[in-house]
Amino acid sequence: MLRRALGLLPRPIAAARARSFSTDLPAAHTADATFMEAWNKVMPNMDPPKTPLSFMHPRPPTPSSIPPKLTVNFVLPYDSELSTKEVDMVIVPATTGQMGVLPGHVATIAELKPGVLSVHEGSETTKYFVSSGFVFIHANSFADIIAVEAVPLDQIDANLVQKGLADFTQKLSSATTELEKAEAQIGIDVHSALNSALTG
Amino acid sequence: MASNAAVPFWRAAGMTYITYSNICANLVRNCLKEPYKTDALSREKVHFSISKWTDGKPEKPTLRTDSPEE
């Protein structure tokens, strides 16, 4: 029994050593040769169908030296605000605090809290208020920021923010169930973040 | 692996992340200035028709328009 166990042991380790992480492999973008042959036999006059993989651009591999600029993709469910835009730095409102992302940042996945996202390019800064979302920073200085709702700061109405803050503070004190308390707390968090975005 | 690490307050109250995220987005949309506010709220409106089926036949469908507060 022991000998069989010993026999099983080295095999998984060797297999693990032979396979590399998917982020390190070069992009395997070539169309499948057997499929193309079979297709051409059956339908020589028609173009073969495109697969989702042919539409997706493979992520550029991690360069050996830190690139000079960070490439940012900032997307919303209904629009893509920034698409592969080269910037110097972005500051994202992560749940652990404002996080500055420079080129060469370590690969990170961060959850965002309601707060201000600022994109620094040269001497200009564009600020957005983000409701919540995630940021994926890849090892090759690509950052994907996905948010549910993001608005430029000048589209926010200060009076509505104050009113909302007062409303939810009142709701928190009159809340009974855990769920109501959580909703009121969320309201307070979002409105105070909006408030500090407008004043800060 | 920290399986029982400090959970966020909304998860402790039984809310899922997607509910939390949608509530945050709605609150932000309600605080916008006028032309942007109506645009945002109309963008998030859902329009759908429901029909219940009984004995293999659909009944008359009802049209529902859910605004994002629902």
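Biologist: Let's start with D55(B): is this residue buried or exposed?
Modeller: Buried is under 20% relative accessible area, exposed is over 50% and partly exposed is in between (1.4 Å probe, protein chains only). D55(B) comes out at 80% relative accessibility, so it counts as exposed.

Biologist: What pLDDT do side-chain atom pairs need in this model?
Modeller: Residues are numbered from 1 along each chain as written, chains are lettered from A and ligands numbered from 1 in the order written, and side-chain values use heavy atoms, without hydrogens and water. The model is predicted, so to speak a computed one: totals for chains, interfaces and linings use all residues, local features need pLDDT of at least 70, and side-chain atom pairs count only at pLDDT 80 or more.

Biologist: Back to D55(B): what is its phi?
Modeller: D55(B) sits in the loop between β2 (53-54) and β3 (57-58) of chain B; strands are DSSP runs of E, at least two residues, and helices are runs of H or I, at least four, numbered from the N terminus. It isn't a glycine, yet its phi is positive, at about 55°.

Biologist: And T84(A), how accessible is that one?
Modeller: T84(A) also has a positive phi, about 50°, without being a glycine. It belongs to strand β2 (residues 79-87) of chain A. T84(A) counts as partly exposed, because its relative accessibility is 46%.

Biologist: How are the rings of F74(A) and Y128(A) arranged?
Modeller: Rings of Phe, Tyr and Trp (its six-membered ring) pair if their centres lie within 6.5 Å, and planes under 30 degrees apart are stacked, over 60 edge-to-face, the rest tilted. There are seven aromatic pairs over all chains. For F74(A) and Y128(A), the centres are 5.2 Å apart and the planes at 70°, so the pair is edge-to-face.

Biologist: How many residues apart are F74(A) and Y128(A)?
Modeller: F74(A) is in strand β1 (residues 70-76) of chain A and Y128(A) is in strand β7 (residues 124-130) of chain A. The pair thus links distant parts of the chain, 54 residues apart.

Biologist: Which ring does the charged end of R43(B) sit over?
Modeller: A charge counts as over a ring if NZ of Lys or CZ of Arg is within 6 Å of the ring centre and within 35 degrees of the ring normal. At 3.6 Å from the centre, R43(B) sits over the ring of Y78(A).
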